[in-house]
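Here is a short report on one protein model. Keep the sequence and the structure in view while reading.

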Amino acid sequence: VKVEMINQIAVIEGNRLLKNKAFPEALAIFRKTLQNRNYIDSTNIAVIHNSIGNTLMNMREFTEASKAFYKAIAFAPDYSHPYENLGELSHKNQEFTKALVYYDEAISRSLGRTDTSLELSSNKYDLLWILMRKGECLIDYYNTSKNKSLLAQALENYYTADHIVDLIRFESYEYQSKLFWREQSAALYTKAVEICSLLDKPSEAYYFMEKNKAILLLEDLSNEEAKKNANLPVELA
């Protein structure tokens, strides 16, 4: 148990270093943690390989990153993150068709490779990230090919992402910080408006602009309600 706890702490520290762009230090921790693999189950080994791949991708060592992602898949075939990262890796290399296949595979794994509806999915946050990345890939693919059917796919993709945002807000308050929603809604709806503009769909662009405003307004109201319910002094609030 002690070794398992040490491994968990090491992975957390590795992810902290990764987020702070201390890539060599993060990579060293992840690789050292794998030396204790007898104490880690296959899913956690897959998570570590995925983190190694993510680190290597940020270091622009794309070939080695790809190998790490495939190792993660070998240990946990239904783990969605390696597929998502392979999609991002292909996207970076402008291999758009391949990237879209990986993103769709990641979506499938997040839904459990069944007919699970978005409403019943337990991985809505993962799905939202994947759909946003897929949308960006479709836009970049369009900018290269000028194939307008890609924009239609991207718009459908963002409508799905918009629906997931509604489901997340309805179901959970766990991540509903002002910063989280301002960042995510801005990224999602700005891209959606861009697509509507390219497709000459002003009414749909208006929908996404108003939806962005509505989410920000609801978040501000939620924050004010939370302050009121907490009954804190203004300075402390």
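In which helix is the place of S51? S51 sits in helix α3. The model is a predicted one.

## Overall make-up

The protein has 10 helices and zero strands. Read along the sequence, the pattern is α-α-α-α-α-α-α-α-α-α. The chain counts 237 residues, of which 42% are buried.

Is S51 buried or exposed? S51 counts as buried, because its relative accessibility is 7% and the cut-off for buried is under 20%. Setting aside neighbours within four places in sequence, S51 touches N15, L18 and F30. F30 belongs to α2, and both F30 and S51 take part in the contact of α2 with α3.

## α2 against α3

Helix α2 spans residues 23-34. α2 packs on α3 at an angle of about 155°, with the axes 10 Å apart. Angles over 145 degrees count as roughly antiparallel, so α2 is roughly antiparallel to α3. The crossing of these two helices is left-handed.

From α2, the contact draws on F23, A26, L27, F30, R31, T33 and L34. From α3, it draws on I45, I48, H49, S51, I52, T55, L56 and N58. By class, the residues of this contact are nine nonpolar, five polar and one charged.

## α3 against α4

Helix α3 covers residues 42-58, and helix α4 covers residues 62-75. Their axes come within 8 Å and cross at roughly 165°. That angle makes α3 roughly antiparallel to α4. The crossing of α3 and α4 is left-handed.

On the α3 side, the contact is made by S42, I45, A46, H49, N50, I52, G53, N54, L56 and M57. On the α4 side, it is made by F62, E64, A65, A68, F69, K71, A72 and F75. The residues of this contact divide into 11 nonpolar, five polar and two charged.

## α4 against α5

At what angle do α4 and α5 pack? The angle is about 160°, and the axes are 9 Å apart. Helix α5 runs over residues 80-92. The angle makes α4 roughly antiparallel to α5. α4 passes α5 in a left-handed crossing.

In α4, the residues that meet α5 are F62, S66, F69, Y70, A72 and I73. Their partners in α5 are P82, Y83, N85, L86, L89 and K92. This contact holds nine nonpolar residues, two polar and one charged.

## L17 in helix α1

L17 lies in helix α1, which spans residues 2-19. L17 is buried, because its relative accessibility is 12%. Which residues does L17 contact, leaving aside neighbours within four places in sequence? They are A22, E25, A26 and I29.

L17 and T55 are 38 residues apart in sequence. In space, their C-alpha atoms are 9.7 Å apart.

## K134 in helix α7

Helix α7 spans residues 124-145 and contains K134. Is K134 buried or exposed? K134 is buried, because its relative accessible area is 15%.

Leaving aside neighbours within four places in sequence, K134 is in contact with L100, Y103, D104, I107 and N157. K134 and V101 are 33 residues apart in sequence. Their C-alpha atoms lie 9.8 Å apart in space.

## Cysteines

How many disulfides are there? The count is zero, where a disulfide needs a pair of cysteine sulfur atoms within 2.5 Å.

C137 counts as buried, because its relative accessibility is 0%. C196 is buried too, with a relative accessible area of 0%.

How values were computed
Residues numbered from 1 in each chain as written. Predicted model: local features only at pLDDT ≥ 70, side-chain atom pairs only at ≥ 80, totals over all residues. Heavy atoms only, no water. Axes fitted to C-alpha atoms, helices over the stretch in contact; angles between N-to-C directions. Helix = DSSP H or I, 4+ residues; strand = E, 2+ residues; numbered from the N terminus. Parallel < 35°, antiparallel > 145°, perpendicular 65-115°, else oblique. Left-handed = near helix turned anticlockwise from the far one by under 90°. Contact = heavy atoms within 4.5 Å. Nonpolar A, V, L, I, M, F, W, Y, C, P; charged D, E, K, R; others polar. Buried < 20%, exposed > 50% of the residue type's maximum accessible area, 1.4 Å probe, protein only.
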